[in-house]
Amino acid sequence: MDAAPAQGADDWARVTAPRKWSFPRDFGAHPEYRTEWWYFTGNLKDGEGKRYGYQLTFFRRGIRLHLPPASGPWDLRDIYPAHFALTDVSGDRFRSADRLSRAGPGLAGASREGMNVWVLSWSARMEGTAILLEARDGGMELSLRLHPRKPPVVHGASGFSRKGPAPGQASYYVSLTDLETHGSLRLPGSPAPVSVRGVSWFDQELGSNQLAPGQKGWDWFSLHLSDGRDLMIYLLRLEDGSVEPASSGTLVAADGSARHLKLSEISVSALGRWKSPHSKAEYPARWRIRIPPAGIDLTVAPLVADQELRTESSTGITYWEGAVAGEGVSGGRGVTCEGYAELTGYAGSLGQAF
C-alpha cells in the first residue's frame, strides 16, 4: 500500500500510511513534510588505536509550504540547521558546533533527487553507493567516506514509525545501520588531521508535527554488536514520568534482515546519572539494555561523560548526544558493543522544533 500523503490543517503532509520507498532517490528531500533530518554518527579509531566519535546532522524545517509565484532566492520557505561534534575518547574531550542558514542563493539546501544536503561548507552527498561527509569549523575537521554493508532498514511495525496514538503522530524513519567508514578528522589544537576507520550509522526521518502533547523528550540508542547485530531503540518520555506506549525499536540481523521491537520487548534501566556543569541538567549516564526475546542483555556507558550540545546558533536545544560502548550477551554469547545515545528534553523543552 502506498497512500497519498494525508494533509493536516496547516497543509503539511502527515504520516498516516506506509510509503513505497525508492532508493537512492528517497535519501533526498521530501519538502511536502515539515520536518526532516539526515543524521550521521560513528565510532572511529586511528592507526594507534585511539578512539573517536562523531556526529554530523542536517535538518530541514519548513516555514511555509508554498512560496509566492514571484519569489526570489532570498524568500524563505525552509531553514536548515546543522550540528557537528567530535569526541576524543583518549583525551576525554568533546567539541561541538552548530549553524543555521536559509537556502538563499546556494547557501543551504537538500536535493529532491537523492542525498545531497549542505549547510554552508558542511555537506553529505552520495557518490554511487558511497556517502561523502565534509565539515569544518574552527579547528574541527571531518572528511569521511561511508560504504553501506547492509540494505536500508525501514522502522515501524506498519511501515512507518509511530510516535503517539493519534493519526499523523508518526514519521517515516529509515536507516543504514552498518556503514564501513574511513577518512580523516582533526581536533582543535591538533597539528594535522589523523586517518581514521570504523563504523557509522545513518538515520533519515521525516514528518509533520509528529510528537504528541505531553511528550517531554526521548532517549535513543543505536548500537553495533560484535556478533553483527545492530540495535535501535527510542523511548519517548512523557511529562508524568512514564514512557509513551508507541515507543519501539528495531533489531537488525547480521544478514541485514530486520525485526520490529514493541515496547513490551524492550527494557532500559538507568544505572547512573551525570549533571552537566553547563546547563545543570541531569542525564542518565549508564544503562542496562535488555531485549529478552532476542537474548540481548547489555551494560552500556558513555565513553566521555560530557558530550552535551548547546545549540544556541541553530535549533536552540540543549541535549546530550555521544559515543557509548559496553558489553554483555547476545543470543547466549558474550559480545561487546559500541554506538551512540541521544538524550533530549532533560535541559528544557523541545519547543516546536520537532
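Ser267 is found in strand E20, which covers residues 267–275; strands (E, at least two residues) and helices (H or I, at least four) are DSSP runs numbered from the N terminus. The model is a predicted one, in which local features need pLDDT of at least 70 and side-chain atom pairs count only at pLDDT 80 or more, while totals for chains, interfaces and linings use all residues. Residues are numbered from 1 along each chain as its sequence is written, and side-chain values use heavy atoms, with hydrogens and water left out.

Ser267 has 18% relative accessibility and therefore counts as buried (buried means under 20% relative accessible area, exposed over 50%, and partly exposed in between, with a 1.4 Å probe and protein chains only). Leaving aside neighbours within four places in sequence, Ser267 is in contact with Arg288, Ile289 and Arg290, where contact means heavy atoms within 4.5 Å.

| Pair | Separation in sequence | C-alpha to C-alpha distance |
|---|---|---|
| Ser267 and Arg288 | 21 residues | 7.8 Å |
| Phe27 and His278 | 251 residues | 36 Å |
| Pro188 and Trp12 | 176 residues | 41 Å |

Phe27 is placed in the loop between strand E2 (13–14) and strand E3 (35–46). Its relative accessibility is 4%, so Phe27 counts as buried. Not counting residues up to four places away in sequence, Phe27 touches Trp38, Gly114, Met115, Met126, Pro152, Leu176, Phe202 and Gln204. The loop between E2 and E3 also holds Pro24, which is joined to Phe23 by a cis peptide bond with omega of about 10°.

Pro188 belongs to the loop between strand E14 (170–186) and strand E15 (194–207). With 23% relative accessibility, Pro188 counts as partly exposed. Beyond its neighbours within four places in sequence, Pro188 is in contact with Arg93, Arg95, Gly139 and Met140.

Asp92 lies in the loop between strand E5 (78–88) and strand E6 (93–102) and is exposed, with a relative accessible area of 54%. Leu120 is in the loop between strand E8 (116–119) and strand E9 (122–127) and, at 44% relative accessibility, counts as partly exposed.

The interior comes next. In soluble globular proteins, nonpolar side chains tend to be buried together. A nonpolar core is a set of buried Ala, Val, Leu, Ile, Met, Phe, Trp, Tyr and Cys residues joined through side-chain atoms within 4.5 Å. The largest one here has 35 residues, of which Phe40, Tyr54, Phe58, Ile131 and Leu133 touch the most other members. A second, separate core of 26 residues includes Ile291, Ala294, Leu298 and Leu343.

For the chain as a whole, there are zero helices and 25 strands. The radius of gyration is 19 Å, close to the 20 Å that the globule rule gives for 354 residues, so the chain is as compact as a globular protein of that length; the radius is taken over C-alpha atoms, and the rule is 2.2 Å times the number of residues to the power 0.38. Along its principal axes the C-alpha trace spans about 60 × 50 × 45 Å. Buried residues make up 52% of the 354 residues. Among contacts with a separation of 6 or more, 57% are between residues 24 or more positions apart.
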